[in-house]
Amino acid sequence: MNRFFVGFAIAVLICLPARAQDWAKERLDKSPRHKEFVKVKQGAREIDSFIVFPEVKEKAPAVLVIHEIFGLSDWVRGVADQLAEAGYIAIAPDLLSGMGPKGGGTSEFSGGRDGVMKAVSSLPPKQVTADLNAVADYVAKLPACNGKLVVGGFCWGGRQTFRFATNNSSIKAAFVFYGDGPDQEEDIARIACPVYGFYGGNDARVDATIPATTDAMKAAGKFYEPVTYDGAGHGFMRAGETPDDSNPANKKAREDAWKRWKTLLAQ
């Protein structure tokens, strides 16, 4: 069975709950940058997408942000805002758009994180690809965008980032945060951009996949640069800014990963 859409149980035990994020919402509410929700058409579907614009003079590159298994949370929207702060148009689609109990998205799942996780893990792969392609096309054609697009995602979104790189040849780079890579040669052969990995040192489940991914990417002549952050757990980008996180390695890993990400984006 394709591992892109299985194996969530262990990840869920490691990831912290993502729905109650008052601290993330408070920071987002204080942002001076223009942010809004837009509806992106994809066939008969409409994907609700959160977009933030940088305060810059020239046209900017865009970053497509793929959310965790917890759906489009305040933290993910905060990541988009921080990318805009760094000078990039950032768009984060709610891939649960239209899948909620009343036809809405992530916010409609009132049963807590379990309902969201089940819905995200059940998303049809072809639908995910089509939604991401539609959002990528939308943001790249905005008047404020210079046409350059990269993609980055976390946990489930990290896995989807790697997968999206196998299905869209127009993206300039893929930034995979603690997500495993494809295991089929024909999928890897379609990757047309460099892939950068960000992994927690205390995340054996995902880290165990890195050697095989490294070998497969090398054999296919593809660029893959994984970096592991000592002591950090799965989900360290979020945990590292959670006020009550008990692992100081997560905070350091987040700071180092952000620095690396911004450096790579600038290139």
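1. The side chain of Q21 reaches the backbone nitrogen of D74, at 3.3 Å. The model discussed here is a predicted one. Q21 sits in the loop between α1 (8-14) and α2 (22-29). Its relative accessible area is 1%, so Q21 counts as buried. Setting aside neighbours within four places in sequence, Q21 is in contact with S73, D74, W75 and R238.

2. D74 leads on to helix α3, which covers residues 74-85. Its 12 residues should span 16 Å at 1.5 Å a residue, and the end C-alpha atoms are 16 Å apart, which agrees.

3. How much of α3 is buried? The count is 11 of the 12 residues, so the helix is largely enclosed by the rest of the structure. The buried residues of α3 are D74, W75, V76, R77, G78, V79, A80, D81, Q82, L83 and A84. Charged residues are included in that list: R77 is buried, and the charged end of R77 sits over the ring of F50, 4.8 Å from its centre. Just after α3, G87 takes a positive phi of about 110°.

4. The largest nonpolar core holds 47 residues, of which I51, L64, I89, V139, W156 and V195 touch the most other members. Helix α5 (residues 125-140) gives the most to this core, with 6 residues. Apart from it lies another core, of 35 residues; V76, A84, A232 and F236 are among them.

5. Not counting residues up to four places away in sequence, L64 touches I91, P93, L132, V135, A136, L149, V150, V151, G152 and F164.

6. The aromatic pairs number 16. F177 and F198 form one that is stacked, at 4.2 Å centre to centre with 15° between the planes. F177 lies in strand β6 (residues 174-177) and F198 in strand β7 (residues 195-200), so the pair ties together parts that are 21 residues apart in sequence. Both F177 and F198 are buried.

7. What else lies over the face of F198? R260 does, at 4.3 Å from the ring centre.

8. F177 and F198 also belong to one aromatic cluster, formed by W75, F154, F175, F177, Y178, Y196, F198, F223, Y229, F236, W258 and W261.

Definitions and conventions. Residues numbered from 1 in each chain as written. Predicted model: local features only at pLDDT ≥ 70, side-chain atom pairs only at ≥ 80, totals over all residues. Heavy atoms only, no water. Helix = DSSP H or I, 4+ residues; strand = E, 2+ residues; numbered from the N terminus. Buried < 20%, exposed > 50% of the residue type's maximum accessible area, 1.4 Å probe, protein only. Polar contact = N/O pair within 3.5 Å; in protein donor to acceptor, adjacent residues only side chain to side chain. Contact = heavy atoms within 4.5 Å. Core = buried A, V, L, I, M, F, W, Y, C linked by side-chain atoms within 4.5 Å. Expected span 1.5 Å × (residues − 1). Phe/Tyr/Trp six-rings, centres within 6.5 Å; stacked < 30°, edge-to-face > 60°. Lys NZ or Arg CZ within 6 Å of the ring centre and 35° of its normal.
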